[in-house]
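Here is my note on the model, as numbered points. Please read them with the structure open.

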Amino acid sequence: MNTPANSNTASHSAHVGAKSEWESRYQSGDTPWDKGLPHPALTAWLDKADMTGRVLVPGCGSGHDVRAIAQKKTAKVIGMDIAPSAIRSASAFPAAADETYILGDFLAGDARSHGQFDWMFEHTCFCAIRPDRRADYAREAALSIKTGGFLLAVFFMDPDNPDPDSPPFASTPKDLDELFLPSFQKIDFHSEIDTYPGREHREHLILFRRR
Ligand SMILES: C[S@@+](CC[C@H](N)C(=O)[O-])C[C@H]1O[C@@H](n2cnc3c(N)ncnc32)[C@H](O)[C@@H]1O
């Protein structure tokens, strides 16, 4: 895979800044991405299928997706976030079942330091990552998921953000194929999915299997 971008000093500094920016967003309550409930496409998916074993949710925020997965009682779920206030917020909710929240930087390998996972669920973490760190995201996804394990992802492809320098960052199907297909096989894809009001037609749901 590509050379880790965090070996680049400018990119690393931008990332350190990004960490404090996420924390201040939570501290000031400026969290428009937090809809107070799990992503509707995840809920629909969990109505039909289970995630089993160990499940990772990077950039979990207040943990709504984590608790939706844990509630089925088929998996041990870890939510990771770089912002201490997000982890505090997630931890303050009553436990659904077997879920844990961990403060950590997914791009720095902090998830895989907890062992490999059978599943990973992506939702608005990838679009929060600067495009020059996306190769690090794809590398960590590949290293965090067991061979034969799964990545279920709701990618926010078209956030319609007028500021190209701040998240959420848009992506194209070609971007995703280039990043993930070297390590994953795409086994399911939907461009029309259940979602929150206002996000219609702007997300893709993809199920990948780790090669
Ligand atoms: C747009 S928010 C989405 C949060 C959550 N997925 C939701 O939908 O409510 C992006 C989240 O990713 C977290 N984040 C950003 N970079 C991260 C990283 N390198 N490692 C772990 N979490 C990260 C942020 O702190 C923030 O909570």
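1. Glu23 is buried, with a relative accessible area of 11%; buried here means under 20% relative accessible area, exposed over 50%, and partly exposed in between (1.4 Å probe, protein chains only). Its salt-bridge partner is Arg88, at 3.8 Å from N to O. Arg88, at 53% relative accessibility, counts as exposed. The two belong to distant parts of the chain, Glu23 in helix α1 (residues 9-27) and Arg88 in helix α4 (residues 84-91), 65 residues apart.

2. On the basis of these values: this is a predicted model, in which local features need pLDDT of at least 70 and side-chain atom pairs count only at pLDDT 80 or more, while totals for chains, interfaces and linings use all residues. Residues are numbered from 1 along each chain as its sequence is written, and side-chain values use heavy atoms, with hydrogens and water left out.

3. The whole structure holds 13 salt bridges, each a side-chain nitrogen of Lys or Arg within 4 Å of a carboxyl oxygen of Asp or Glu. Helices (H or I, at least four residues) and strands (E, at least two) are DSSP runs, numbered from the N terminus.

4. Arg139 pairs with Asp136 at 3.1 Å, N to O. Asp136 and Arg139 are about one helical turn apart, because they lie 3 residues from each other in helix α5. Both Asp136 and Arg139 are buried.

5. Arg139 also forms a salt bridge with Glu140, with the closest N and O atoms 2.9 Å apart. Arg139 has a relative accessible area of 14%, and Glu140 is buried at 0%. Through shared partners, salt bridges join Arg112, Arg133, Asp136, Arg139 and Glu140 into one network.

6. Arg67 sits in helix α3 (residues 64-71). Beyond its neighbours within four places in sequence, Arg67 is in contact (heavy atoms within 4.5 Å) with residues including Phe93, Pro94, Glu99 and Tyr101.
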